[in-house]
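Please open the structure in your viewer and keep the selection panel at hand. The tour below goes from the whole chain to single side chains, one selection at a time.

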Amino acid sequence: MAGKKRKLPRVALEQLMSACERMSKDADKTAMELFRTYLTLMDKYSDYFFSEPWPKKYDFKRATTFTSEDLDFIDENEDEYVDRVLTVFLKKNMSLEGFNATFGMFWTQQAYHKQFISPELKPVSEAFKELSKIGTDAKEILTKLKEQFEYVSLVHASLVDLLEAECLAKAIDLKAKEVLDLIHTEEGLPECGEYRCKRQRGKL
C-alpha cells in the first residue's frame, strides 16, 4: 500500500482488522486471512479502489449509490464478479474517520441487492407463486421452474429473496419449504448459509 495514491486511513485499517476478528468467529478463515484477502483485493484493483480522495466521513448516500464507474468496474470481468462487488462495498465504507463495518457494509449490500439482484430474481419468484396458487405439487413446480429458468441455484436464490421480501400465504409458504427441501436433497445443492432458507426448512 505504498505511495500517496494508495494510502488507507490508519483508523480505517485498524477498524477493518477489528471487523475481520469479529467475522472470523463465524467464518472458516482466521481474522488475519480475512484481512489479507481484503488487502489483496484493494491492491489488485488499486486503480479503481484508490481512484479518488477518501471522504471526510461516512456518507450513507455515497455508500448506497452505485455510479457508472462502480458498475463499469463490476462488469469489466464476469469471472471476477464476486471479488469486484466486494471491492466496491469495501471502498464505499472507507473514509478518513474509519471503516463502517458494523452497519455500513450491510446497508451497501442491501442497496446493491435491491437495485440489481432482486429485479433479476423476480420473474422466477413470480412464476413460483403462480404455480403454487394453482395447487401444483412441489416436485412439479421445481421441474417447471428448471425448464423455464434452467439453473436450480437461480431458483434457490429467488425463493430466498422472496421469503425476505414478502409475507406469503400459508399454502405458498409451505410450497417454498418443500421446493427448498428438494433443491437441497434431490437436486444436490449443498447446504447453504442463507438464514431464510434454514429457517424455512426448520433448520433453525
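What does the accessible surface of the protein come to, and what percentage of that surface belongs to carbon and sulfur atoms? It comes to about 12,300 Å², and 52% belongs to carbon and sulfur atoms, with areas taken from the Shrake-Rupley method with a 1.4 Å probe, where for residues only the protein chains shown count as cover.

Before selecting anything, note that this is a predicted model, in which local features need pLDDT of at least 70, side-chain atom pairs count only at pLDDT 80 or more, and totals for chains, interfaces and linings use all residues. Residues are numbered from 1 along each chain as its sequence is written, and side-chain values use heavy atoms, with hydrogens and water left out.

**The whole chain**

Show the protein as a cartoon, and you will find 11 helices and two strands, which run from the N terminus as α-α-α-α-α-α-β-β-α-α-α-α-α. These are DSSP runs numbered from the N terminus, helices being H or I with at least four residues and strands E with at least two. The C-alpha trace spans about 65 × 35 × 30 Å along its principal axes. Of the 204 residues, 43% are buried, where buried means under 20% relative accessible area, exposed over 50%, and partly exposed in between, with a 1.4 Å probe and protein chains only. Among contacts (heavy atoms within 4.5 Å) with a separation of 6 or more, 64% are between residues 24 or more positions apart.

**Aromatic rings**

Next, select the Phe, Tyr and Trp side chains, which form 12 aromatic pairs; rings, with the six-membered one used for Trp, pair if their centres lie within 6.5 Å, and planes under 30 degrees apart count as stacked, over 60 as edge-to-face and the rest as tilted. Zoom in on Tyr45 and Phe73, an edge-to-face pair at 5.1 Å centre to centre with 85° between the planes. Tyr45 lies in the loop between α2 (31-44) and α3 (46-49) and Phe73 in helix α5 (residues 68-75), so the pair ties together parts that are 28 residues apart in sequence. Both Tyr45 and Phe73 are buried.

Move on to Phe66 and Phe116, another edge-to-face pair, at 5.8 Å centre to centre and 80° between the planes. Phe66 is in the loop between α4 (60-63) and α5, whereas Phe116 is in helix α7 (residues 104-133), 50 residues apart. Phe66 is buried, with a relative accessible area of 10%, while Phe116, at 28%, counts as partly exposed. Then select Tyr58, Phe60, Phe103 and Trp107, which form one aromatic cluster.

**Charges over rings**

Lys91 has its charged end over the ring of Tyr48, 4.1 Å from the centre. For such a placement, NZ of Lys or CZ of Arg is within 6 Å of the ring centre and within 35 degrees of the ring normal.

Select Tyr38 in helix α2, which counts as buried at 10% relative accessibility. Leaving aside neighbours within four places in sequence, Tyr38 is in contact with Leu16, Cys20, Met23, Leu86 and Leu90. Thr87 is 49 residues from Tyr38 in sequence, and the two are 7.8 Å apart in space, C-alpha to C-alpha.

Finish at Glu150, in the loop between α8 (138-149) and α9 (152-165). Glu150 is exposed, with a relative accessible area of 55%, and its phi is near 75°, a positive value in a residue other than glycine. Most residues other than glycine have a negative phi.
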